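Please consult the sequence and the structure shown here while reading.

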Amino acid sequence: MMQRPRVTLTHDDRLIVHTVGDPLELWDQLRRAYLARRPVLVGRDGWRYPATTYLDVVEVANALESVLAGVTTRPPEHDEHADRWHRAYGQIFEALNHHNLNERFGENELFWLHFTLQLAIYLSVLADRSRPAWERAFTPNAPRYQLER
């Protein structure tokens with residue numbers, strides 16, 4: 001059975017991922033952690049996301065990149081998802097050449113509600129596919145997890 005994700009932001013805003021668990025739940029825990037510390041913005045579709053800095057974005061991107069790097073087998077037809085993420089990941093680090101780490105990241109909505117969310121969904125599907133069928137069908141006493149807008 002998969003553990004629940006757990007993340008912490010230290011007093012100096014460094015991200016610590018204690019447990020990854022389901023990648024989609026991890027994404028939501030990351031988002032909630034930063035929503036608690038940063039101004040809250042609302043996307044075009046009504047989803048809330050944090051106004052994170054370049055340093056925050058690097059921390060989140062590195063955490064998700066390490067989850068992706070841990071995927072040992074993925075179907076070749078899914079390469080497009082990883083490729084899309086790697087292009088976005090590269091663009092984030094390219095932008096660091098022109099910005100201060102403490103400056104607000106200019107594309108927060110795109111980062112949180114598009115690139116990282118799509119990657120988390122993709123990783124969650126891969127994680128679910130790797131679990132035994134009986135485990136996917138039955139998880140006793142597990143409360144239903146729901147994403148919050």
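Helix α2 meets helix α3 through Y54, V57, V58, A61, N62, L64, E65 and L68 on the α2 side and A82, W85, H86, Y89, I92, F93 and A95 on the α3 side, where contact means heavy atoms within 4.5 Å. Helices (H or I, at least four residues) and strands (E, at least two) are DSSP runs, numbered from the N terminus. The model is predicted, so local features need pLDDT of at least 70 and side-chain atom pairs count only at pLDDT 80 or more, while totals for chains, interfaces and linings use all residues. Residues are numbered from 1 along each chain as its sequence is written, and side-chain values use heavy atoms, with hydrogens and water left out.

**Packing of α2 and α3**

- Two packed helices are described by the angle between their axes and the distance between the axes.
- Helix α2 (residues 54-69) packs against α3 at an angle of about 150 degrees, and their axes are 11 Å apart; axes are lines fitted to C-alpha atoms, for helices over the stretch in contact, and angles run from 0 to 180 degrees between N-to-C directions.
- The two helices α2 and α3 are therefore roughly antiparallel to each other; by definition, angles under 35 degrees count as roughly parallel, over 145 as roughly antiparallel, 65 to 115 as roughly perpendicular and the rest as oblique.
- The crossing in which α2 passes α3 is left-handed; a crossing is left-handed if the near helix is turned anticlockwise from the far one by less than a right angle, and right-handed if clockwise.

**Helix α3**

- Helix α3 (residues 79-95) has 17 residues, which at 1.5 Å a residue should span 24 Å, and its end C-alpha atoms are 24 Å apart, in agreement; the expected span of a helix is 1.5 Å times one less than its number of residues.
- The buried residues of α3 are A82, W85, A88, Y89, I92 and A95; buried means under 20% relative accessible area, exposed over 50%, and partly exposed in between (1.4 Å probe, protein chains only).
- Seen down the axis of α3, these buried residues fall within an arc of 145 degrees, so they line one face of the helix; the arc is that of the directions from the helix axis to the C-beta atoms.
- R87 and Q91 are exposed on the other side of α3.

- Helix α2 comprises 16 residues and reaches 22 Å from its first C-alpha to its last, close to the 22 Å expected at 1.5 Å a residue.
- Of the 16 residues of α2, 13 are buried, so this helix is largely enclosed by the rest of the structure.
- A61 lies in helix α2 and, at 0% relative accessibility, counts as buried.
- Apart from residues up to four places away in sequence, A61 touches W85, Y89, I92 and F111.
- A61 and A88 are 27 residues apart in sequence, and their C-alpha atoms are 9.4 Å apart in space.

**Packing of α1 and α2**

- Helix α1 (residues 23-35) and α2 have axes that come within 12 Å and cross at roughly 165 degrees.
- Helices α1 and α2 are therefore roughly antiparallel to each other, and α1 passes α2 in a right-handed crossing.
- P23, L26, L30 and Y34 in α1 are in contact with D56, E59, V60, L64 and V67 in α2.

**Helix α4**

- L119 is found in helix α4 and counts as buried at 3% relative accessibility.
- With residues up to four places away in sequence not counted, L119 touches L64, L68 and W85.
- L119 and R84 are 35 residues apart along the chain, and their C-alpha atoms are separated by 8.8 Å.
- L110 also lies in helix α4 (residues 108-130) but is partly exposed, with a relative accessible area of 38%.

**Loop residue D13**

- D13 lies in the loop between β1 (6-9) and β2 (15-19), and its phi is near 65 degrees, a positive value in a residue other than glycine.
- At 19% relative accessibility, D13 counts as buried.

**Whole protein**

- The protein has five helices and four strands, which follow the pattern β-β-α-β-β-α-α-α-α along the sequence.
- Buried residues make up 44% of the 149 residues in the protein.
- Among contacts with a separation of 6 or more, 65% are between residues 24 or more positions apart.
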